[in-house]
Amino acid sequence: SFPTRRSSDLLGGPIQKDKMFFFGSYEGLRQSQGLPLNSGVLTDAQRAAVTDPVVRGLLQYIPTANATGASGEGRFVGSATAPVNIDQVTADVNRELSAKDRLKFYWAFQKDKRKEPILQGNTVPGFGDTRTGKRQIMTLNETRIFGPTLVNEARFGFNRIVIDFMPDAPLNPSTLGINNGITTVLALPQITISSLGLNIGGPAGFPQGRTDMTFVFSDTLSYLRGRHSVKFGAEFRRFSNVNFGNSAGTFTFTNIADFQAGRASNFGVQLGNSNSDVVQKAFGVFAQDNLKLASNLTMEVGFRYELNEAPVEADGRFVYFDPATSSLQRVGQGGRDTIYPNTSNYQPRVGIVWVPTSDGRTSVRAAYAILADQPVTNLVTPTAAN
């Protein structure tokens, strides 16, 4: 059996009577789980027939067959462990600064660690990766009442994630005679024997990781006047994305005979790292009006302007393809100053709510809007590897 254990604690109460309150929580998860494995492997006779000296050194990482498949092939039947540990805490504090001013603070932190033995394609124990993550989110809101018709809400917030993907078998390929350009402790190349469905090493593209952080500043002013409920606001966002990445590459062997002789049908590796330090900014303003046209009919009209700036890389590593010269060009060194143009987006919207019956049990809603999405940095961060 593979048990799962959960625990949680809650705590709350006043810090200052009628002025300041807090609430906190803790949650924990401990999950022990096993994943079944059933992979083709070399038979004892096939292991003995290996002639390539480098491949002989790799046999220590391939389990011996403990079963026979329907076609007489060697098979390994077993399991791999994939534990998951998660801890999370939250804090929520409300403070009444005055009869017209209120402050609210919220913070959450989560730490997790999990093993992924087969997610990246490995079929036998001993490989895969371990992922560790730390996540935070925080908001600070101030609500100010200027009068019965005017309220302002200012908000600051951020979220942050730090996550690493590390191979469970950190090895130096050169010590095994693998001449793939990797001479430090990284990982084995991820090796596939296609006819067996056997996959060891790697995982390809690991180790890697990133730190993402977003800061947001926003302010919204709400104003009531007659049949109008008007809001004005602005928002600024700054997103930073720091990445690191390495890879020991991949080898593919079509069949067992090619593997025994060290004849790969396909090989690929990216030498060096693919690190990048990216910043992306955005700014938006909006206005909207909820207009009570009748007791049973409300219309909302709004408009938002959004400026999404192109991401920039701290060391100028972004690269683009120039079709005029059929070559790769570095951003900022002639030609292009940004990886793609900054975008100005004009976003109108309109909506209605109509209650056609006097009992209020039926409502009709309709809306139309033009919305814009900010591209994620994953679109451009791979170009830093060029």
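Start by selecting Glu306 and Arg237: these two form a salt bridge, with their closest N and O atoms 3.1 Å apart. A salt bridge here is a side-chain nitrogen of Lys or Arg within 4 Å of a carboxyl oxygen of Asp or Glu. Glu306 sits in strand S17 (residues 297-308) and Arg237 in strand S13, so the pair ties together parts that are 69 residues apart in sequence. Strands are DSSP runs of E, at least two residues long, and helices are runs of H or I, at least four residues long; both are numbered from the N terminus. Glu306 and Arg237 are both buried. Buried means under 20% relative accessible area, exposed means over 50%, and partly exposed lies in between (1.4 Å probe, protein chains only).

Before you move on, note that this is a predicted model, in which local features need pLDDT of at least 70 and side-chain atom pairs count only at pLDDT 80 or more, while totals for chains, interfaces and linings use all residues. Residues are numbered from 1 along each chain as its sequence is written, and side-chain values use heavy atoms, leaving out hydrogens and water.

Now select Asp87 and Arg30, whose side chains meet in a salt bridge (3.1 Å, N to O). Asp87 lies in strand S6 (residues 84-98) and Arg30 in strand S2 (residues 20-31), so this pair joins parts 57 residues apart in sequence. Asp87 counts as buried at 18% relative accessibility, while Arg30 is partly exposed at 28%.

Lys104 is in strand S7 (residues 101-116) and Asp92 in strand S6, twelve residues apart. Lys104 is partly exposed, with a relative accessible area of 33%, and Asp92 counts as buried at 19%.

Next, select Asp112, Arg114, Glu116 and Arg135 together to see a network of salt bridges. How many salt bridges does the structure hold? There are 17.

Show strands S3, S5 and S4, which form an open antiparallel sheet in the order S3-S5-S4. Strand S3 (34-41) and strand S4 (67-68) stand at the edges with a single partner strand each, so one side of each has no neighbour in the sheet. Zoom in on S4 and strand S5 (residues 74-81), which run antiparallel and are joined by two bridges; two strands pair if DSSP finds at least two bridges between them. Click on Ala67 and you can find its bridge partner in S5, Arg75.

**The pockets**

On a 1 Å grid over the protein atoms alone, a pocket is an open set of points where a 1.4 Å probe fits, with protein on both sides within 12 Å along at least five of seven lines; lining residues have an atom within 4 Å of a point. The volume of the largest pocket is about 640 Å³, counted as the space filled by probe spheres set on the points. Colour strand S13 (228-245) here, as S13 gives the most to this lining, with seven residues.

For the last stop, visit the second largest pocket, with about 190 Å³ of space. Its lining includes Asp52, Val54, Phe251 and Ala264. Helix H2 (53-58) and strand S14 (250-253) each give two or more residues to this lining, and H2 has the largest share, three residues.
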